[in-house]
Amino acid sequence: MKLSLSRRWAVLAGVLTAALVATAFAAVAPERATAASGTRCADAGDRYETARPEQVGLDPVTLGHALNLLSVNGSETVQVYRHNCLVGTGIFDPLLGHVPGNNWSQTKTITALLAGRAATLGLLSVDDPIGKYLPPDLGDEAHRAVTIRQLLTQTSGIRANWTRELNLAMPDRVREFLSLPFDHQPGTFYRYSQTGPSVVAYVVQRAVGEDLQDFAQRELFGPVGIPRAHWFWLRDRAGNTDGWSNLFLPGHDFGRIGQLLANNGTFDGKRLISESYLRELRTPSPTNPGYGYLTWLNAGPYWITPSAFASTRNPAPMIASAPADMYFSYGFFGQHVFVIPGLDMVVTRSSGTLNWPPSRLDAGDPLTAVAPGQTTRVEYEFFRLLTQSVVTPRQPAPPPYVAPKPGAVDPSLFVSVPDNLAVAQLGPNAPKDCTIFGCGGKLAAAGTIRSLMDVPRTGFAALTALPAGTAQLAQQVPDLLPRLLDGWQQTARIAGEQLPAALPALLASLQQSVGG
């Protein structure tokens with residue numbers, strides 16, 4: 001049927017409107033290549049060195065499909081590196097790449113790297129009990145005997161209660177940890193925790209003898225080229241850095257962390273983290289083969305979800321279409337640094353404002369579709385295309401996609417009278433000598449004040465980067481709409497293919513959640 005003239009104008013107006021919206025929020029390909037053909041790029045200086053995909057053995061068309069797909073599925077930035085060269089970026093990178101966003105649980109991996117830096121400097125050992133670094137009057141014998149390694153592998157054995165763990169108003173997260181009862185012998189049971197990584201951050205701070213964030217800038221961020229103005233990191237009310245979340249770092253800087261990992265702990269010729277520590281970081285834990293040191297692994301025969309729902313054992317690698325040697329950070333809403341040693345590749349992704357597309361219907365937990373570990377068909381398809389783009393060496397076809405198992409609510413993770421009372425610093429499980437106002441008779445406010453003082457500095461730096469991003473965006477406008485349409489077309493295909501199976505699975509998951 002032919003369209004009427006008025007409908008043709010309406011369609012044309014719609015296309016133009018989409019183009020204008022895309023222009024306001026998106027951008028495309030990397031800058032002109034600066035790397036010599038066939039050579040490896042240097043570690044990032046003021047900028048990342050770039051190369052065309054074909055210069056590093058990648059097919060540009062297939063790589064482009066992968067970037068477009070991930071871009072329209074909740075990504076603010078996507079960056080692909082090979083041989084240290086930036087070879088592809090997401091649609092929205094120029095405008096959003098310098099905006100600091102919450103890294104959520106990717107923060108945990110940064111905490112693990114700071115522990116690795118301290119270990120490399122000889123200031124701590126992962127097998128030390130945390131009591132070696134705590135003040136002598138803090139914590140009982142059992143809690144002080146928990147080792148740094150057990151905290152890094154999430155096997156401390158302490159009780160998990162998400163009502164407590166996600167309490168951002170607690171006066172002191174370290175004292176919170178020391179008040180939690182043990183449900184398992186330390187080292188024997190994996191349970192994803194928000195509080196344990198903050199104890200790691202505190203222990204590192206005690207071991208190095210200075211504020212953790214000053215140490216982080218001098219010993220990690222500064223050496224890889226991330227200025228202090230690019231990031232801020234929130235603290236609890238007592239002033240302890242949140243080792244579990246709340247690091248605000250721009251997606252454009254993720255690649256520097258990826259280069260450090262891909263180079264096995266060196267950056268610009270300087271050893272920052274020992275090879276032995278990074279080998280342990282990416283070694284499967286006995287209690288969760290999909291997990292190392294606050295870092296996710298693709299090598300295990302199974303992996304255990306970190307969900308706020310009941311933990312589920314999934315029998316396949318987390319991302320079956322990606323190489324088995326891949327390891328990665330994984331933050332809520334999709335904050336990632338993926339490292340693939342065998343292909344000498346790094347993929348980074350930041351996200352947070354454009355989430356919950358229909359292509360995530362197959363998420364294992366329907367209410368936490370982009371929670372850490374809840375990978376879906378989108379990530380599978382992205383890595384299928386990415387590995388397919390590798391011309392040298394050619395990669396085998398991936399196994400078929402298997403959706404994560406449906407999740408179910410474990411009420412004990414949310415509802416426990418002693419633990420729920422402890423949120424208000426009341427009852428037998430509450431931290432000793434603490435009230436809602438603070439601990440030890442002191443008002444807990446210093447951390448909040450310091451956090452508020454840090455935010456404006458980083459926000460100003462992000463604003464000053466916007467003109468350059470806007471100028472780069474203007475140069476790339478002709479490519480915006482084709483890239484968006486390609487990403488949307490792939491998304492529609494994925495959603496259409498999985499819809500018949502996804503709806504029954506979602507209903508089953510909801511029924512299981514309600515029924516227990």
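This is a predicted model: local features need pLDDT of at least 70, side-chain atom pairs count only at pLDDT 80 or more; totals for chains, interfaces and linings use all residues.
Reader: What share of the contacts with a separation of 6 or more comes from residues 24 or more positions apart?
Author: Contacts here are pairs with heavy atoms within 4.5 Å. Among those with a separation of 6 or more, residues 24 or more positions apart account for 69%.

Reader: Turning to the cysteines, which parts does the pair Cys41 and Cys85 tie together?
Author: The sulfur atoms of Cys41 and Cys85 are 2.0 Å apart, and the two residues form a disulfide. Cys41 sits in the loop between α1 (5-25) and α2 (60-71), while Cys85 belongs to strand β2 (residues 85-89), so the link joins parts that are 44 residues apart in sequence: that loop and strand β2.

Reader: Is Cys85 buried or exposed?
Author: Buried means under 20% relative accessible area. Cys85 has a relative accessibility of 0%, so Cys85 is buried.

Reader: What about Cys434 and Cys439: is their disulfide right-handed or left-handed?
Author: These two cysteines also have their sulfur atoms 2.0 Å apart. Both ends are covered, since Cys434 is buried at 8% relative accessibility and Cys439 is buried at 11%. The torsion about their S-S bond is about 105 degrees, so the disulfide is right-handed.

Reader: Which pattern do the disulfides of the chain follow?
Author: The structure has 2 disulfides. One links Cys41 with Cys85, and another links Cys434 with Cys439. Counting bonded cysteines along the chain, the pattern is 1-2, 3-4.

Reader: Now for the helices: is α4 roughly parallel or roughly perpendicular to α10?
Author: The axes of α4 (residues 106-120) and α10 (residues 212-221) come within 10 Å and cross at roughly 75 degrees. Angles of 65 to 115 degrees count as roughly perpendicular, so α4 is, relative to α10, roughly perpendicular.

Reader: How many nonpolar residues does the contact of α4 with α10 have?
Author: From α4, the residues taking part include Leu113 and Arg117, and those they meet in α10 include Phe215 and Glu219. By class, the contact has 2 charged residues, no polar ones, and a nonpolar count of 9.

Key. Residues are numbered from 1 along each chain as its sequence is written. Side-chain values use heavy atoms; hydrogens and water are left out. A disulfide is a pair of cysteine sulfur atoms within 2.5 Å. Helices (H or I, at least four residues) and strands (E, at least two) are DSSP runs, numbered from the N terminus. Buried means under 20% relative accessible area, exposed over 50%, partly exposed in between (1.4 Å probe, protein chains only). Axes are lines fitted to C-alpha atoms, for helices over the stretch in contact, and angles run from 0 to 180 degrees between N-to-C directions. Angles under 35 degrees count as roughly parallel, over 145 as roughly antiparallel, 65 to 115 as roughly perpendicular and the rest as oblique. Ala, Val, Leu, Ile, Met, Phe, Trp, Tyr, Cys and Pro count as nonpolar, Asp, Glu, Lys and Arg as charged, and the others, Gly among them, as polar.
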